[in-house]
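Please keep the sequence and the model in view while reading.

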Amino acid sequence: MNRRRFLMISAATLVAGRAAADVTTWQSDALGGTLRVDLRGSRGLAEETAAGIAAIIEEVEAAASLFRPDSALSRLNADGRLDDPPQALRDMLVLSGALHRQTGGLFDPTIQPLWRALAEGGDEAQARRLIGWDRVRLGPRIEIGEGQSLTLNGLAQGYAADRVRDLLGEAGYGPALIDMGEYAAIGGPFLLGIEDPELGIVATRRVTGSAVATSSPAAMLIGGQDHILGPRAELPAWSTISVEAETAALADGLSTAFCLMPMLQLRDLAGRTPGVRRIVAVSLAGDVLSLRGLAG
């Protein structure tokens with residue numbers, strides 16, 4: 001689950017006038033990147049809480065990692081069915097279905113065969129014929145269509161960030177900022193910079209109790225193409241999209257799909273998608289647009 005996000009945080013500027021010494025930072029390798037937790041105040045991260053965070057990361061990786069052949073997702077992709085899916089995988093697939101509906105099919109985890117074909121020099125046309133969320137069956141048993149495979153890289157890190165935020169909140173921590181490439185905040189405010197690969201920092205967001213995720217299609221190439229792939233051969237319409245939402249998983253998934261949306265559709269969804277607070281969009285020409293969401 002390689003990072004494709006371009007958000008930056010400086011602990012020294014979390015709150016104007018507060019010293020950097022007021023921030024305790026804890027970090028660990030997780031989900032192909034680094035998990036970082038910034039805690040304000042003098043209370044450090046208890047050993048029991050740190051162990052709980054590690055358990056969440058292990059649970060999510062065991063459910064959704066494409067790099068672990070024993071993960072639930074890898075076994076589903078290999079066998080076409082999974083009789084006893086773990087709850088974390090079920091949660092992420094249910095959310096994927098909701099995002100698929102909300103984005104008119106632009107968020108589609110069945111894009112994985114195309115991603116792999118481009119990476120390995122395979123048959124792109126054949127891979128495109130395998131795309132289709134309508135062939136995924138979610139029930140007590142999960143089934144996918146013949147030849148299909150799924151990726152949850154578009155929301156797994158956001159889902160994990162939400163789970164860690166919930167754990168910290170239940171343990172009484174706050175304010176705190178969880179950084180897994182996607183950001184989830186308890187309290188705040190936290191000052192986040194939104195970075196475009198070509199333009200650098202294009203905007204800042206002061207975030208309190210919400211989550212932010214940012215996607216830039218050209219940040220990584222696959223087979224010579226931008227790594228965010230349209231399920232119906234849609235091309236990226238934006239250089240960078242950053243979404244502030246109530247949960248990191250929602251922000252994560254929408255930031256990916258919104259990169260493929262034309263202006264009118266993006267404006268429409270910004271105003272009627274539950275949980276979205278703000279969208280910052282950088283056009284291919286370098287113009288920066290800020291849209292207030294339904295929850296903004």
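Which residues lie nearest the centre of the largest pocket, and how many residues line that pocket?

## The largest pocket

The structure is a predicted model. In this model, the largest pocket is lined by 32 residues, and Leu66, Gln112, Trp115, Thr151 and Asn153 are those nearest its centre. Helices H2 and H4 are the elements that give two or more residues to this lining. Of the elements, H4 gives the most, with 7 residues.

The volume of the largest pocket is about 790 Å³. Sorted by class, its lining has 18 nonpolar, 10 polar and 4 charged residues. As to how such spaces are found, rolling a probe the size of a water molecule over the atoms shows where empty space is left.

## Overall form

The protein has 8 helices and 16 strands. Its C-alpha atoms fill a box of roughly 55 × 45 × 35 Å along the principal axes. For 296 residues, a compact globule would have a radius of gyration near 19 Å, and the value for the protein, 19 Å, therefore agrees with that expectation.

Of the 296 residues, 52% count as buried. When contacts between residues at least 6 apart in sequence are considered, 62% join residues at least 24 apart.

Helix H4 spans residues 112-120, and its buried residues are Gln112, Pro113, Leu114, Ala117 and Leu118. These buried residues pack against helix H5 (124-129) and against strands E12 (221-222) and E13 (225-226). After H4 comes Gly121, with a positive phi near 75°.

Helix H2 covers residues 72-79, where Ala72, Leu73, Ser74, Leu76 and Asn77 are buried. The partners against which the buried residues of H2 pack are helices H1 (47-64) and H3 (87-102), together with strands E4 (81-82) and E6 (142-143). Gly80 follows H2 and has a positive phi, near 80°.

## The sheet of E4, E6 and E5

Strands E4 and E6, which pack against buried residues of H2, belong to an open sheet of 3 strands in the order E4-E6-E5, with antiparallel pairing. E4 and strand E5 (137-138) are at the edges and have a single partner strand each, so one side of each is left without a neighbour in the sheet.

The antiparallel pairing of E4 with E6 runs over 2 bridges. Within it, Leu82 stands opposite Ile142 of E6.

Strand E15 (residues 276-283) is mostly covered, with 7 of its 8 residues buried. E15 pairs in the antiparallel sense with strand E14 (residues 238-245) over 7 bridges, and Ala245 has Val276 of E15 as its bridge partner.

E15 also pairs with strand E16 (residues 288-292), again in the antiparallel sense, over 5 bridges. Here Ile279 has Leu291 of E16 as its bridge partner. The hairpin of E15 and E16 has 4 residues between the strands, and Gly286 takes a positive phi near 100° in this hairpin. On strands in general, side chains in a regular strand alternate between the two faces of the sheet.

Terms used
Residues numbered from 1 in each chain as written. Predicted model: local features only at pLDDT ≥ 70, side-chain atom pairs only at ≥ 80, totals over all residues. Heavy atoms only, no water. Buried < 20%, exposed > 50% of the residue type's maximum accessible area, 1.4 Å probe, protein only. Contact = heavy atoms within 4.5 Å. Pairing = 2+ DSSP bridges. 1 Å grid on protein atoms, 1.4 Å probe; cavity = no way out; pocket = protein on both sides within 12 Å on 5 of 7 lines; lining within 4 Å. Points joined across faces, edges and corners; volume = space filled by probe spheres on them. Nonpolar A, V, L, I, M, F, W, Y, C, P; charged D, E, K, R; others polar. Rg over C-alpha atoms; globule rule 2.2 N^0.38 Å.
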